[in-house]
Amino acid sequence: MIHSAVLKLTLYYVAAIMLLSISFSVALYGIYSNELSNGLRRPPDFFQTQLNPTNYEDFRHERLVEASDNLKNALYIFNAIVLIVGAAVGNVLARRTLQPIEEAFAVQSRFTADASHELRTPLTAMQTEIEVALRDKKLTKQEAVELLESNLEEATKLKTLSDRLLQLARQDKVDVIKSAVSLEKIAIEALNNVIKVASTKKVSIENTVTDIAVCANQENIVDAVTILLDNAVKYSPAGSKVLLSAKKSGKQACIIVKDNGVGIKSSELPHIFERFYRSDSSRSKNKVQGFGLGLAIAKNIVELNDGSIRAQSKEGKGSTFTIKLPTSS
Ligand code: ADP
């Protein structure tokens, strides 16, 4: 599709260049022929003495035809060169113009393919379970309850995924309204969002965040910190501790989430903020649930708030995620 777009755009560029070149050539030919004809109208003294008017008219006609043929040939060659050079330049320009569109198109296609894949997995699981149950003539009530529970789990996964996808789609359009907000308040809200999951998993969270004011959208940053805390709990073993802290340096403030969990391989670290990226261990062993969208959303949110997000990690030792934001004063 993109190749035909390049071809089309090249043709438009060439058509525009040729229109200019041909107009210029026609105008030049008209002016030159006129000038030549005027210049040869009055015979020079040499002809007045040597030739009669009829001979001079023949001579004038011959000269005019010859000069106009020469000019025509020169203009044909000129336009042929413009056509060749124009096609080459037009092609380069068309490729350059369409390159960002091509890249955005590739990202979009990859995103759609990944999203479809993630949607298909729970749907296929549900479909298979239901089909098997329907074929079973002796399905007990207990088995039916188990099937419904399993289906509910898959449906919850689908809902989480659609919520995440919606969150990403909305982020592309939002205009963030920022104000002075306290990191302490943000930390408490984010903590409240994950406390239940953390206590179920027996992971404790220590919060030492103090009242540092940043310029951001409170709801946004609460979402981002919640994602980091949720991951810290998800990727930590039972009984371990997560530390939530903050510090201020100059016009920047940081909120830090540190865990002692499974950590991230250094080869995987550069990719964790990509949409749908999940480390091999989280994906293949299917130990930890997720879609690989959390960190992409957190990064988007933080960048919309003029901040940055950074990850440091050692495999088997734990990870530290830092959100940097501008202070409000
Ligand atoms: P998800 O957790 O749903 O897979 P994320 O975008 O939140 O997606 O994270 C992407 C990947 O980064 C995860 O699959 C995991 O491998 C890795 N990751 C994120 N946070 C942590 C963490 N605190 N400890 C270890 N690995 C992490």
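Helix axes here are lines fitted to C-alpha atoms over the stretch in contact, and angles run from 0 to 180 degrees between N-to-C directions. All views come from a predicted model.

**View 1. Helix 5 packs with helix 6.**
Helix 5 covers residues 183-201. Its axis and that of helix 6 are 8 Å apart, at an angle of about 25°. Angles under 35 degrees count as roughly parallel, and helix 5 and helix 6 are therefore roughly parallel to each other. The crossing of helix 5 with helix 6 is right-handed. On the helix 5 side, the contact is made by Lys185, Ile186, Glu189, Ala190, Leu191, Asn193, Val194, Val197, Ala198 and Lys201. Helix 6 contributes Gln218, Ile221, Val222, Val225, Thr226, Leu229, Asp230, Val233 and Lys234. By class, this contact of helix 5 with helix 6 holds eleven nonpolar, three polar and five charged residues.

**View 2. Helix 6 meets helix 8.**
Helix 6 spans residues 218-234, and helix 8 spans residues 294-304. Their axes come within 9 Å and cross at roughly 150°. That angle makes helix 6 roughly antiparallel to helix 8. The crossing of these two helices is left-handed. From helix 6, the residues in contact are Asn220, Ile221, Asp223, Ala224, Ile227, Leu228 and Asn231. They meet Gly294, Leu295, Ile297, Ala298, Ile301 and Val302 of helix 8. The residues of this contact of helix 6 with helix 8 comprise nine nonpolar, three polar and one charged. Ile221 of helix 6 belongs to the contact with helix 8 and to the contact with helix 5.

**View 3. Helix 4 crosses helix 8.**
Helix 4 runs over residues 141-171. The axes of helix 4 and helix 8 come within 10 Å and cross at roughly 25°. Helix 4 and helix 8 are therefore roughly parallel to each other. Helix 4 passes helix 8 with a left-handed crossing. Helix 4 brings Arg164, Gln167, Leu168 and Gln171 to the contact. Helix 8 brings Gly294, Ile297, Asn300, Ile301 and Leu304. By class, the residues of this contact of helix 4 with helix 8 are four nonpolar, four polar and one charged. Gly294, Ile297 and Ile301 of helix 8 take part here and also meet helix 6.

**View 4. Residues around the ligand.**
Which of the 21 residues around the ligand come nearest? They are Asn231, Tyr235, Arg278, Ser279 and Leu295. A polar side-chain atom of Asn231 lies 2.8 Å from a ligand oxygen atom. At Gly294, a polar backbone atom is 3.2 Å from an oxygen atom of the ligand. Ser319 places a polar side-chain atom 3.4 Å from a nitrogen atom of the ligand. Asn231 and Gly294 also belong to the contact of helix 6 with helix 8.

**View 5. Lys248 and its contacts.**
Lys248 sits in strand 4, residues 241-249. Not counting residues up to four places away in sequence, Lys248 touches Ile212, Ala253, Thr327 and Ser329. Glu131 is 117 residues from Lys248 along the chain. The C-alpha atoms of Lys248 and Glu131 are separated by 57 Å.

Key: Residues numbered from 1 in each chain as written. Predicted model: local features only at pLDDT ≥ 70, side-chain atom pairs only at ≥ 80, totals over all residues. Heavy atoms only, no water. Helix = DSSP H or I, 4+ residues; strand = E, 2+ residues; numbered from the N terminus. Parallel < 35°, antiparallel > 145°, perpendicular 65-115°, else oblique. Left-handed = near helix turned anticlockwise from the far one by under 90°. Contact = heavy atoms within 4.5 Å. Nonpolar A, V, L, I, M, F, W, Y, C, P; charged D, E, K, R; others polar. Near = heavy atom within 4 Å. Polar contact = N/O pair within 3.5 Å; in protein donor to acceptor, adjacent residues only side chain to side chain.
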